[in-house]
Amino acid sequence: MPEKQKKLDLAVRGALWFGPLKADSKGGKAKKGGQPPKGQLVDVLVARGKIVALTPAGSLDLRATHEVEAHGLVLLPSLTDVHVHFREPGQEYKEDIASGLSAAAHGGFANLMCMANTKPVNDNASVTEFMLEQARKSWPQGPRLFPIGALTKGLKGEELAPMAELKAAGCQAFSNDGRPVANTELFRRAVEYAQDLSRIVIDHCEDPFLAPAAGMNEGVVSSRLGLPAQPDVAEAIQVARDVLLAEYLHAPMHLAHISCEKSVALIRFAKARGVDVTAETCPHYLTLTEDEAGGFSALAKVSPPLRAREDVEALLAALADGTIDMLATDHAPHAAHEKEVEFDEAPCGISGLDTALATTWELVRSGRLPFGAFLRAWTTAPCKRFGLPVNAFNPGDSADFVLFDQDESWTVDAETMHSKSKNTPLLGRTLRGRVAAHFLAGKSVLGTAPAGA
Ligand SMILES: [Zn+2]
């Protein structure tokens, strides 16, 4: 019997790993930013979909049914994204659950939390159950979909959604993302009710009266173009409300897509006071500025808007020191014809799943983001906060991991993107780094067509 249990299903040999190994984790000093990480070659051993060991290459002489030579490809645990929009039901021409999960699988993501602004809105159990069923049918091996329930009926901000029903149907969190709740009394009740259900409210922080969804930062670029724009205080005012409320209620809160320095300062203040608040930012707020919109390009129109250079620097520092806990894409697909209109008529949103890993890995490679912070932000922090499965390469963890070719160059275009929608300001640009292989529970999810496709 013990002989049988040792039988390995999968062994990946000679992958490049930048994190500590369990054996030397006590000796390894945390790397400061400013220099690219140094890695070592490792083997990953898997049995029955679970991690058996992560060891220095060649140190354990066990053979597996499937042997994979990694030839120095970078090993990463699969990423988790707590903020995507998959548009199904209702707007499948932009993205459906199958195509969204395809972009996720190719982008290196294992877990996806999907926002409620579908048509109809995910404010009742039948919508939640439908989404889960579509995910199971199209990608039975994963990536895994975790729906987020609406906070208010129809996202209208008038009446609470049936949150207990939504939780029972499988909703992992609650949010009015896209249509922030202006009524603080109603928002307070929603937060308290979610807490009773052991679920966290994710808030899209935006004062709904200060140029809502302008998609353009109020600053030098907006004044030059003469476009309606939103000041950063529209976000920060709502962050202030939320952290004060979370402290007052002793309730947990998660703040979505933080985009500016003022919000970072408020979150830092709240954490220093012991408030149970977590926050995410997105790859585009770390890598792009308001200048992207300088040519009236609606592909750079996103809510909250791309901000100033100082905001990018503040967000990078906050992600490195843990003030910002995690990364999320806010993957918001739109069809080409919807973005090929005047800037102020275009919808907000960037399609992010295809490019997130390459653009954030570039920050690690250039030494601007420590590897430990990258790993925390894409894996352990979101999983811990929302109770999702995580692979920390401990024995027994689900064998969800990526082999990443950090040297492969590729051009972002309609051919290379797996999302149905190609709305990204990176369109036509060349990125470095692509997912070469992706295993979920020890099984390859790339190169195998999803069932039913
Ligand atoms: Zn969103």
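Thr281 stands opposite Leu327 in strand S13, where strands are DSSP runs of E at least two residues long, helices are runs of H or I at least four long, and both are numbered from the N terminus. This is a predicted model, in which local features need pLDDT of at least 70 and side-chain atom pairs count only at pLDDT 80 or more, while totals for chains, interfaces and linings use all residues. Residues are numbered from 1 along each chain as its sequence is written.

The strand facing S13 here is S12 (residues 277-281), and S12 and S13 pair in the parallel sense over 2 bridges; two strands pair if DSSP finds at least two bridges between them. Zooming out, 8 strands line up as an open sheet, in the order S6-S7-S8-S9-S10-S11-S12-S13, with parallel pairing. S6 and S13 (326-327) are the edge strands, each pairing on one side only. As background, strands of a sheet pair through backbone hydrogen bonds, either parallel or antiparallel.

Val84 has Cys114 of S7 as its bridge partner. To get from S6 to S7, the chain passes through helix H2 (residues 97-107), and this β-α-β crossover is right-handed; in other words, with the strands pointing away from the viewer, the path from the first strand over the helix to the second runs clockwise. S6 (residues 79-84) has 6 of its 6 residues buried, so this strand is largely enclosed by the rest of the structure. Here, a residue is buried if 20 or more other C-beta atoms lie within 10 Å of its own, exposed if 12 or fewer, and partly exposed in between, with C-beta atoms placed from the backbone.

Helix H12 (residues 356-365) is mostly covered too, with 8 of its 10 residues buried. Among them are Trp361, Leu363 and Val364. Just after H12 comes Gly367, which takes a positive phi of about 80°. Over in helix H6 (residues 220-225) sits Leu225, and this residue is partly exposed, with 16 other C-beta atoms within 10 Å. The C-alpha atoms of Leu225 and Glu247 are 40 Å apart, although the two residues are 22 residues apart along the chain.

How does the whole chain divide up? It splits into domain 1 (2-76 + 397-444) and domain 2 (78-386), with bounds that come from an automatic or database domain assignment. Their C-alpha centres lie 27 Å apart. Across the boundary, 37 residues of domain 1 are in contact with 47 residues of domain 2, contact meaning that the C-beta atoms, placed from the backbone, lie within 7 Å. On the domain 1 side, strands S14 (401-411) and S15 (430-440) each supply at least two residues, and S15 gives the most, with 7 residues.

Finally, the largest nonpolar core has 136 residues, and Ala15, Leu75, Cys114 and Leu315 have the most contacts inside it. Such a core is a set of buried Ala, Val, Leu, Ile, Met, Phe, Trp, Tyr and Cys residues joined through C-beta atoms within 7 Å. Helix H13 (residues 371-386) brings the largest share of this core, 8 residues. Not counting residues up to four places away in sequence, Leu75 touches Ala15, Leu16, Trp17, Val42, Val44, Phe401 and Leu403.

Notes. Two residues are in contact if their C-beta atoms, placed from the backbone, lie within 7 Å.
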